[in-house]
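Dear colleague,

I am handing over the structure we spoke about, with the sequence alongside. Please look through it first, and then read the notes that follow.

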Amino acid sequence: MTKRGFFYLISGVWLSFWLLACKERFEPNLPEQATGYLVVEGLIITGPGQTKFKLTRSLPLGATRNSIVPETRALLQIEGEGSNIFPLAEKGPGLYAADNLSLTNGQQYRLRIKTAAGKEYISDFTEAKKTPPIDSITWQQENSGIQIFVNTHNPQNNTRYYQWDYEETWEYYSLSDTDFKYEDGRVVERAPSEHTYRCWGKGGSVNLLLGSSAKLSQDVIYQQPLTYIPPTSIKLSYQYSIRVKQYALTRMAYEYLQLMRKNTETTGSFFDPQPSELKGNIRSVSDPAEPVIGYVSACDVTEKRIFIQRREIGDWDYTLICQS
Amino acid sequence: MNCRILLILLGLLCFGFTGQAQTSSTPLITLDIKNATLDKLVQELEAQTHYRFYYQATDFDSLRVSLQVNKKPLADVLTEAFRNTPYNFAIDEQRHVFLLKNQEIKTTLPNRVPATDQTKPSNPVPSQLALRQNAAPTNTPTAALENKLYEIGIKTAAVKAGKATLSGTIQSAKNNSPVIGAAVFVENPLIGTTSNENGFFSITLPTGRHVLHIKSTGLKTTKRQLMLYADGQLNIQLQDQSQTLNEVLVVGENTSNIKRVQMGIERMDIKTIRQVPTLFGEADILRAVLTLPGVKTVGEASTGFNVRGGATDQNLILFNGATIYNPSHFFGFFSAFNPEVVKDVELYKSSIPAKYGGRLSSVLEINSREGNKQKFTGSAGIGLLTSRLHVEGPIKKDQTSFILGGRTTYSNWIFDLLPDKSNLKNTRASFYDLNLQVNHEVNENNHLSLTGYYSQDQSNLNTDTLFNYGNRNIVLKWARTFNKRLFGTFTTGQDRYQYDNYSEVNPVNAFRMAFGIKQAYLKGDFVYTLNPKHTLNFGLNTLYYQLQPGSFKPLGTESLIVPLVLQPEQALESALYLGDKYEVSPELSLDFGLRYSLFNYLGPQAVNTYAPNLPKEENNQLDSVFYKSGKIIKTYHGPEWRFAARYALTEKFSVKLGYNTMRQYIHQLSNTTAIAPTDVYKLSDANIRPQFGSQVSLGLYRNFRANSIETSVEVYYKRLRDYLDYKSGALLVLNPHLETDVINTGGKAYGAEFMVKKLSGKLNGWVSYTYSRTLLRMNDPNAGEIINNGNYYPANFDKPHDFTLISNYRLSHRVSFSTNVTYSTGRPITIPIGTFYYAGSFRTLYGDRNSYRIPDYFRTDLSLNIEGNHKLKQLTHNSWTVGVYNVTGRKNPYSTYFTSEKGVINGYKLTIFAQALPFVNYNIKF
């Protein structure tokens with residue numbers, strides 16, 4: 001074998017060693033288990049803004065969004081340390097909210113739930129934390145895509161644990177104009193003023209976005225990744241906007257959400273911890289052993305929004321081609 | 001001529017000869033030759049006499065003889081012919097003449113035998129001829145032949161009834177290195193022992209005539225005729241089984257399987273290990289160990305192994321006596337031992353000798369070879385990913401030798417060649433290890449050895465963080481024979497394991513994280529042959545631990561990381577032990593031992609105290625008490641019992657029973673499935689109790705076909721107490737109050753191991769089947785959290801069915817074919833029982849711990865070992881190993897996981913070696 005040939009053989013084997021690794025779908029034949037545990041998602045917002053709680057039930061594996069069953073006709077109230085009570089109203093199926101509660105940061109609050117079935121749940125008291133403002137939302141081009149980061153700090157060094165979520169909106173143009181419309185059972189030509197080809201897409205965070213500065217000497221979050229827009233994505237075909245909301249968490253809340261994240265968003269690395277039990281701060285009054293999913297935190301919310309124009313970024317491979 | 005000389009060399013060992021033939025009766029020779037070759041000379045001599053000459057022609061090809069003699073006896077002619085040459089000769093009574101290069105033929109009997117015996121033709125003792133390789137004159141006969149009768153003790157007219165003790169050392173004739181673990185026994189009555197790590201043995205027998213058998217792996221089996229009058233000594237040299245010359249008969253420990261008292265001991269020599277096909281073709285010690293019954297691993301590329309339901313940290317891995325904390329390279333893909341320097345491995349699964357302690361499940365002893373005391377040799381191996389080299393030789397001939405080995409990988413440049421798209425361009429993986437062993441024979445009663453081991457790994461696992469870890473060990477051993485009954489070994493050394501991981505991608509969060517463990521120890525181990533029935537083992541050892549439980553420091557000037565350095569831990573672990581091997585009768589042997597271990601957790605340390613009867617949680621912490629340096633914070637102590645009994649029903653069939661208890665004061669903390677690069681060790685302290693384990697086992701052993709087939713069945717039941725498990729979301733690294741995140745768990749393990757072994761013949765190998773369960777239970781109401789409602793749940797490595805077939809078929813002297821087939825039940829995993837919608841995504845709701853299993857594991861590997869030509873005289877000998885790993889290409893799951901992607905939950909199965917993987921390896925010996 002020539003030297004070169006041998007060389008390729010070696011590289012080939014190393015390569016195959018890595019490429020041999022493969023990932024396949026794994027669909028175990030699991031026994032159907034009726035769980036139906038109460039799921040409480042939401043935050044007590046102290047300052048301006050809406051305090052919103054969504055009540056649902058856990059479902060069998062393989063459930064789709066259509067099978068989500070909201071927990072309706074429950075009674076929810078926020079309770080302060082004294083006998084301050086702030087009721088929430090059901091704004092939609094399983095959606096309970098109240099606007100601008102103007103609670104006080106630093107005080108303790110909790111959530112009480114009475115379901116339609118008469119069961120009562122209560123959360124532990126949690127301290128309302130002040131959320132510092134977002135310093136900046138930045139982005140940079142990485143591996144041809146766009147990585148978006150958040151930066152924040154608190155000079156008092158007492159926030160330490162953060163959560164973010166975001167909404168994104170993007171403007172794009174349809175491939176062809178809409179010259180016709182369907183009216184009264186007939187196809188008719190649109191007037192020029194009715195031609196629509198400018199569209200907006202919407203999305204939001206689907207991952208738990210958590211950050212901590214607990215190990216740092218200053219309460220600084222630097223370039224915390226929020227989301228990655230893959231190359232050629234339509235989101236950056238014209239103009240993109242992201243509105244990021246920031247929440248301050250207590251250490252316990254952060255640890256709970258971090259554990260939930262690890263349990264549900266791992267990437268199958270060799271050294272991921274094994275899934276472990278989630279224990280939130282909500283419990284059933286009558287049966288403390290009943291699992292309840294969720295963690296009630298209280299804080300105010302700060303937000304920031306940025307825009308990214310297509311022309312600001314280098315070569316973006318997205319082109320309007322028919323992808324049917 | 002070659003064949004003839006071969007026969008003769010073999011014959012040398014079987015028949016007796018007298019040297020220095022009586023010159024008076026030989027015909028006289030007249031000769032006049034110039035520049036003659038040896039062939040010419042021999043032709044002349046054979047024509048003039050009736051003598052037959054035997055020699056290796058190639059040894060003499062450079063010899064030219066010019067000689068003028070007149071009516072001289074043959075001996076004088078040869079003396080003249082070989083004057084000032086390296087050649088020697090010997091003549092026996094049957095008129096055979098042997099010519100040898102560099103080797104003198106000793107023609108006198110050893111000292112003790114009166115010289116007059118030699119001349120007496122009626123002497124029943126056959127005359128002997130020994131290759132004089134061991135020049136050291138001794139008072140004890142160095143036995144080299146099997147038909148000679150050795151008289152032990154002062155000869156008396158009549159043999160006094162009673163018992164006497166024979167002791168001595170067993171050495172390899174090749175390089176005088178001690179032979180460890182050789183079986184020394186007589187068959188009638190059935191009494192046996194094995195040589196210890198310095199080749200020393202001591203056996204007590206009824207006085208009278210015996211045939212003493214000596215067997216050892218890789219060496220020629222031999223026997224000695226004894227007439228035992230009283231206590232005495234006998235040193236025995238074993239001839240090497242030269243693979244390049246002779247049919248290799250790997251007899252292994254065939255009879256000791258039946259005879260030794262201990263059970264659950266697996267022994268493999270490097271030759272067997274080499275036959276096990278492995279990934280990338282390099283002989284791998286730990287992978288070979290994994291083929292043994294009762295040894296399991298969570299996955300095919302994971303550090304460590306599980307013995308009879310024990311955790312990976314419950315194995316004491318000793319390399320020449322040094323504790324190796326991380327026995328793997330590259331997170332489990334390769335074992336950290338260089339096969340070129342390893343001699344054999346021994347795994348104690350059940351009867352753990354009293355001299356070992358500190359781990360619950362097993363002791364894995366890896367012994368490296370002693371360097372050649374005669375000449376410089378070496379070997380090198382080249383694989384696709386790793387290469388290794390070793391050299392050995394005398395520092396001072398026959399007295400001091402060294403062996404040095406090294407191994408490395410060279411993969412980084414390959415990653416650099418990969419295309420950008422592969423995302424592996426930034427992957428880094430490199431490792432190396434070095435071994436050095438120096439042996440020095442001070443005199444025949446004192447031996448010194450020094451072993452050094454160093455390993456280093458660096459890899460980034462395709463992440464931003466670089467993981468570095470390494471072992472560093474040094475051991476000094478002094479073996480001393482005090483007298484024929486007392487033998488001692490003194491050992492001192494230091495072991496270290498540490499890791500150091502860092503990341504500097506985000507300048508604000510750039511960190512360096514480190515952990516380290518260091519231990520220094522002193523040991524004295526003694527063997528005393530009290531009387532014919534009792535052999536005592538006793539000793540004392542003490543171990544000083546120094547732990548750096550973790551540090552987390554900023555890296556670079558921009559980093560805002562607050563340095564966090566956990567308080568160092570120190571502790572002293574000491575033990576005193578006494579064991580007695582009691583030969584009740586030829587059939588019944590008992591081995592009982594008591595080890596008393598004492599553990600002192602020492603200051604300086606600030607110790608957290610918690611409210612009694614409440615979960616150890618941060619909010620139940622009462623106080624923190626500071627202890628000054630050297631102050632004893634907490635002491636744990638207790639006895640550890642070791643008991644083994646053997647009853648031989650027949651010579652080929654025995655029953656054994658074992659019971660032992662163990663204590664472990666050090667814990668590895670890991671809540672990942674495989675041992676992760678950040679996992680740390682923790683000492684027992686005021687809040688974390690030591691682990692305790694007990695095992696009872698029963699075994700049946702039966703050999704067939706002249707001990708060439710061994711069968712065994714062993715069953716065991718084991719209990720574990722205070723094994724550490726972890727609370728949900730436990731923080732194990734850099735946790736200053738670790739006791740709040742761990743919970744004490746109990747456990748039980750039981751199983752049956754069946755094995756059929758054939759270690760000789762063209763087809764050899766073994767088949768084993770194991771049924772075993774390992775169940776854990778956490779039901780301490782004070783732990784604050786109860787796993788699976790306090791019921792038993794399977795451990796991560798609980799794989800009930802396990803089948804292994806290792807076979808090696810020798811197609812010819814140069815080519816052999818090996819197969820490895822392994823099947824096991826899939827390991828347990830925790831699976832989702834439902835889902836819930838939270839934070840924009842469906843998320844998994846996990847059920848009981850380890851309530852489901854991943855698919856079964858099945859793999860077949862093949863390899864072909866091709867030796868180069870077997871010419872004795874060539875610069876290098878080489879061999880090839882080619883093979884295929886996972887021939888069937890079965891996609892064995894390594895891990896499974898459920899993850900939410902784009903709002904829905906998907907289950908995935910990850911396979912590392914999803915196809916057949918070919919390999920090739922080239923080895924050179926020089």
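Which residues make a nonpolar surface patch of about 810 Å²? The patch is made by B:Phe592, B:Leu594, B:Trp641, B:Phe643, B:Leu657, B:Tyr659, B:Val696, B:Leu698, B:Val715 and B:Tyr717. A patch here consists of residues with over 30% relative accessible area and no salt bridge, where nonpolar side chains (Val, Leu, Ile, Met, Phe, Trp, Tyr) are joined within 5 Å and like charges within 9 Å; the accessible areas come from the Shrake-Rupley method with a 1.4 Å probe, and for residues only the protein chains shown count as cover.

Before going further, please note that this is a predicted model, in which local features need pLDDT of at least 70 and side-chain atom pairs count only at pLDDT 80 or more, while totals for chains, interfaces and linings use all residues. Residues are numbered from 1 along each chain as its sequence is written, chains are lettered from A and ligands numbered from 1 in the order in which they are written, and side-chain values use heavy atoms, with hydrogens and water left out.

The elements that give two or more residues to the nonpolar patch are strands E38 (588–602), E41 (632–650), E42 (653–664), E45 (691–704) and E46 (709–726) of chain B; strands (E, at least two residues) and helices (H or I, at least four) are DSSP runs, numbered from the N terminus. B:Tyr659, which belongs to the patch, is found in strand E42 of chain B and counts as partly exposed at 37% relative accessibility, where buried means under 20% relative accessible area, exposed means over 50%, and partly exposed lies in between (1.4 Å probe, protein chains only).

Strand E46 of chain B also holds B:Val713, which is partly exposed with a relative accessible area of 28%. Leaving aside residues up to four places away in sequence, B:Val713 touches B:Leu698, B:Gly699, B:Leu700, B:Glu753 and B:Phe754, contact being heavy atoms within 4.5 Å. B:Val713 and B:Val756 are 43 residues apart in sequence and, C-alpha to C-alpha, 9.1 Å apart in space.

Turning to charged pairs, the count over all chains comes to 42 salt bridges, each being a side-chain nitrogen of Lys or Arg within 4 Å of a carboxyl oxygen of Asp or Glu. One of them joins B:Glu340 and B:Arg274, with the closest N and O atoms 3.9 Å apart. This pair links distant parts of the chain, 66 residues apart, since B:Glu340 is in the loop between strand E24 (334–335) and strand E25 (342–348) of chain B and B:Arg274 is in helix H5 (residues 270–275) of chain B. B:Glu340 counts as buried at 7% relative accessibility, whereas B:Arg274 counts as partly exposed at 35%. Both residues belong to a network of salt bridges that also includes B:Glu282, B:Arg388, B:Arg407 and B:Asp433.

Another salt bridge is formed by B:Lys373 and B:Glu441 (3.8 Å, N to O), and it links the loop between strand E26 (362–368) and strand E27 (377–383) of chain B to strand E30 (residues 429–443) of chain B, the two residues being 68 residues apart. B:Lys373 is buried, with a relative accessible area of 2%, and B:Glu441 is buried too, at 16%.

Finally, the buried residues of helix H3 (residues 74–81) of chain B are B:Leu74, B:Ala75, B:Val77, B:Leu78 and B:Ala81. They lie on the same side of H3(B), because they cover an arc of only 160° around the axis, the arc being that of the directions from the helix axis to the C-beta atoms.
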